[in-house]
Amino acid sequence: MTAGHCGPRKAADTIDSLFFAFLRPLHDASTPRPEAAPACAVANAIEMAGVSFGYDRRRPVLRGIDMTIPRGKVVAIMGGSGCGKTTILRLIGGQLRQQSGRVLVGGQSVKELTREGLYALRRRIGMLFQFGALFTDMTVYENVAFPMREHTGLDEPLIRDLVLMKLHAVGLRGAAQLRPSELSGGMARRVALARAIALDPMLVLYDEPFAGLDPISLGVVGQLIRQLNDALGITSVVVTHDVYESLKIVDYLYFVSDGRIIWHGTPEDVRHTADPFVRQFVDGQPDGPVPFHYPARPYVEQLRAG
Amino acid sequence: MPADAIARGFRRVGNGTMRAIARAGFATRFFLAVLYHSPAAFHRLQLTVREIYFAGVLSLVVIMVSGLFVGMVLGLQGYDALNKYGAGDSLGIFVGLSLVRELGPVVAGLLFASRAGSAVTAEIGLMKTTEQLSAMEMMAVDPLARIVAPRFWGGVISMPLLAALFSVMGVFGAYLVGVRLIGVDSGTFWGNMRAGIEFWPDVTNGIIKSTVFGIAVSLIAVFEGYDANPTAEGVSAATTRTVVGGSLAILALDFVLTVFMFRGLGTV
């Protein structure tokens with residue numbers, strides 16, 4: 001039985017690897033990417049040093065974040081809800097600007113970029129939003145074609161071929177004419193992934209790519225993140241709280257709590273660490289450094305007070 | 001304690017005032033940014049044409065049916081009132097002036113705010129809620145140029161056309177009731193209308209009014225959508241603000257415009 005499945009699967013894997021190999025030169029030479037050269041010259045895709053940010057001065061969200069993400073790696077940023085993970089992504093993408101510290105993406109300081117500079121940088125960054133953020137008035141095909149039509153000036157037949165290649169890479173070439181409302185959560189996430197890599201970015205940011213997915217879709221999306229990263233030679237930053245899936249695909253993990261990096265290491269380090277926060281997070285313990293109870297007056301005192 | 005209550009009251013009023021001023025400032029900057037990005041809306045004309053279809057063509061049914069019924073009611077009520085003074089034959093000019101000067105732009109504007117303005121606010125608000133606007137920004141595409149400006153101009157262009165259609169249907173409704181049902185002479189009805197309504201100032205002022213209403217409603221609609229809280233409740237509140245704010249703006253602007261337009265004619 002296993003042997004019977006092995007042949008076709010191996011053949012499919014070979015086709016896939018050939019396909020991804022075919023994508024690779026596209027990354028280097030297809031669409032015009034005049035600003036690509038400086039990014040290639042720096043070893044780290046992202047560097048954050050002493051980054052602090054708050055929506056208002058009384059409540060800082062991030063406090064002195066230091067983080068280095070080398071080119072070509074898949075790096076996870078993990079932490080509980082509301083700990084500042086997504087804020088880090090928004091600082092990297094220039095949607096927010098830090099109050100202090102430095103955020104370098106491809107060697108460029110995001111905060112100091114002009115609007116044109118920021119848009120030029122964003123053309124080299126793909127982002128997968130938590131629920132896909134597909135444009136609901138467009139088909140799957142049009143969604144993936146959108147960044148190409150906006151930025152490349154390529155002929156429609158060439159855009160068609162590129163879109164089909166991107167959709168094939170995520171296994172949804174057959175869904176090209178569907179509307180986002182006709183897609184399952186996992187399919188929507190894969191279409192969004194195809195759109196995120198539409199312009200062959202140097203960096204892809206994933207905001208909770210596993211949220212709300214069934215186990216099969218979760219595995220598919222996880223594998224796609226890893227495969228696309230390796231095949232396209234890009235760098236991936238995955239913000240998630242899905243420990244199990246992340247440990248399978250990432251090269252390095254940062255744990256964020258209360259606006260600070262409190263631990264970082266490889267997946268192997270995570271499995272063996274005795275750090276109480278990481279252990280609580282990985283083992284899913286309800287109480288620990290992250291308390292079960294929201295801060296309140298002593299229980300008995302409050303009950304007696306009536 | 002009363003001093004505390006007074007201080008709280010002052011603080012609340014102060015905070016409310018500051019918020020209102022900040023929002024007005026943001027709305028002004030937003031309007032200027034929309035104007036700045038407007039050439040993009042015309043450079044890629046198909047985006048604006050698509051919005052003219054959604055705001056204008058899809059509003060045709062409600063505008064035309066409403067115009068017809070308003071005209072029919074005007075015909076009935078107008079004839080009844082005029083006939084008491086032996087002026088039943090003046091129905092044509094009465095209906096024509098009412099529609100072209102006031103009812104066409106105002107009622108069409110109110111319907112436009114309810115039908116198209118609310119739809120635009122809800123659409124942009126939901127795009128914000130589902131992070132479509134953020135996704136667009138992250139793709140280095142400015143939502144103001146790609147989403148907001150075409151919808152703004154789609155509304156501005158549609159509104160005078162809808163108001164004109166409303167007036168035409170209203171006149172037709174009045175004709176059906178006045179001439180066909182009540183029996184006013186057809187030649188008198190049309191002759192009085194032609195003699196009493198001039199292109200300048202009557203029709204032109206109607207067009208100016210409806211254009212101004214189109215700018216006001218479209219701006220309110222896109223601004224409320226863009227500024228909506230990204231929650232279901234926030235989008236709902238923004239949609240309500242568009243309809244209420246748009247309608248009040250139309251009524252207030254109508255008064256102001258009427259004062260300026262017809263003062264020179266000795267009618268105000």
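**What the terms rest on**

Modeller: This is a predicted model. In chain A, six strands make up an open sheet of mixed pairing, ordered β6-β7-β8-β3-β9-β10.

Biologist: What makes β6 and β10 of chain A edge strands?

Modeller: Each of the two, β6 and β10 (260-265) of chain A, has a single partner strand, so one side of each has no neighbour in the sheet. On average, neighbouring strands of this sheet are turned by 20° against each other, direction ignored.

Biologist: How do you know that helix α3 of chain A packs on the sheet?

Modeller: Helix α3 (residues 85-92) of chain A touches β3 (74-78), β7, β8 (235-240) and β9 (252-257) of chain A. Touching here requires C-beta atoms within 7 Å. The direction of the helix makes about 150° with that of β8(A).

Biologist: Why are β6(A) and β7(A) called paired?

Modeller: Pairing needs at least two bridges. Strand β6(A) is joined to strand β7 (residues 203-207) of chain A by four bridges, and the two run parallel; therefore they count as a pair. One of the residues involved is I125(A), whose bridge partner in β7(A) is L203(A).

Biologist: What makes you say that both faces of β6(A) are covered?

Modeller: In β6 (residues 125-128) of chain A, I125(A) and M127(A) lie on one side, G126(A) and L128(A) on the other, and all four are buried. To be called buried, a residue needs 20 or more other C-beta atoms within 10 Å of its own.

Biologist: Which strands are the edges of the four-stranded sheet in chain A?

Modeller: That open sheet has the order β2-β1-β4-β5 (chain A) and antiparallel pairing. Its edge strands are β2 (59-70) and β5 (108-109) of chain A, since each pairs on one side only.

Biologist: How many bridges join β1(A) to β4(A)?

Modeller: Five bridges join β1 (residues 44-56) to β4 (residues 100-105) of chain A, running antiparallel. With at least two required, they therefore pair. I46(A) has V105(A) as its bridge partner in β4(A).

Biologist: What does I92(A) touch?

Modeller: Leaving out residues up to four places away in sequence, I92(A) touches I46(A), V103(A), V105(A), V110(A), L205(A) and V237(A). I92(A) is also among the residues with the most contacts inside the largest nonpolar core, together with V191(A), A194(A), V237(A) and V222(B). That core has 144 residues, and helix α6 (residues 143-182) of chain B gives the most to it, with 18 residues.

Biologist: What is chain B made of?

Modeller: Chain B has nine helices and zero strands. Of its 268 residues, 44% are buried. Among its contacts between residues at least 6 apart in sequence, 86% join residues at least 24 apart.

Biologist: How many residues does each chain bring to the contact between them?

Modeller: Chain B brings 10 residues and chain A brings 14. On the chain B side there are five nonpolar, three polar and two charged residues.

Biologist: How confident is the predictor in chain B?

Modeller: The mean pLDDT of chain B is 93, and 98% of its residues reach 70 or more. Within the chain, confidence is lowest in helix α1 (residues 2-43), at a mean of 92, and highest in α6(B), at 96. For the complex, the predictor gives an ipTM of 0.81 and a pTM of 0.83.

How values were computed: Residues numbered from 1 in each chain as written. Chains lettered and ligands numbered in written order. Predicted model: local features only at pLDDT ≥ 70, side-chain atom pairs only at ≥ 80, totals over all residues. Contact = placed C-beta atoms within 7 Å. Nonpolar A, V, L, I, M, F, W, Y, C, P; charged D, E, K, R; others polar. Buried ≥ 20, exposed ≤ 12 C-beta atoms within 10 Å, placed from the backbone. Core = buried A, V, L, I, M, F, W, Y, C linked by C-beta atoms within 7 Å. Axes fitted to C-alpha atoms, helices over the stretch in contact; angles between N-to-C directions. pLDDT = per-residue confidence, 0-100.
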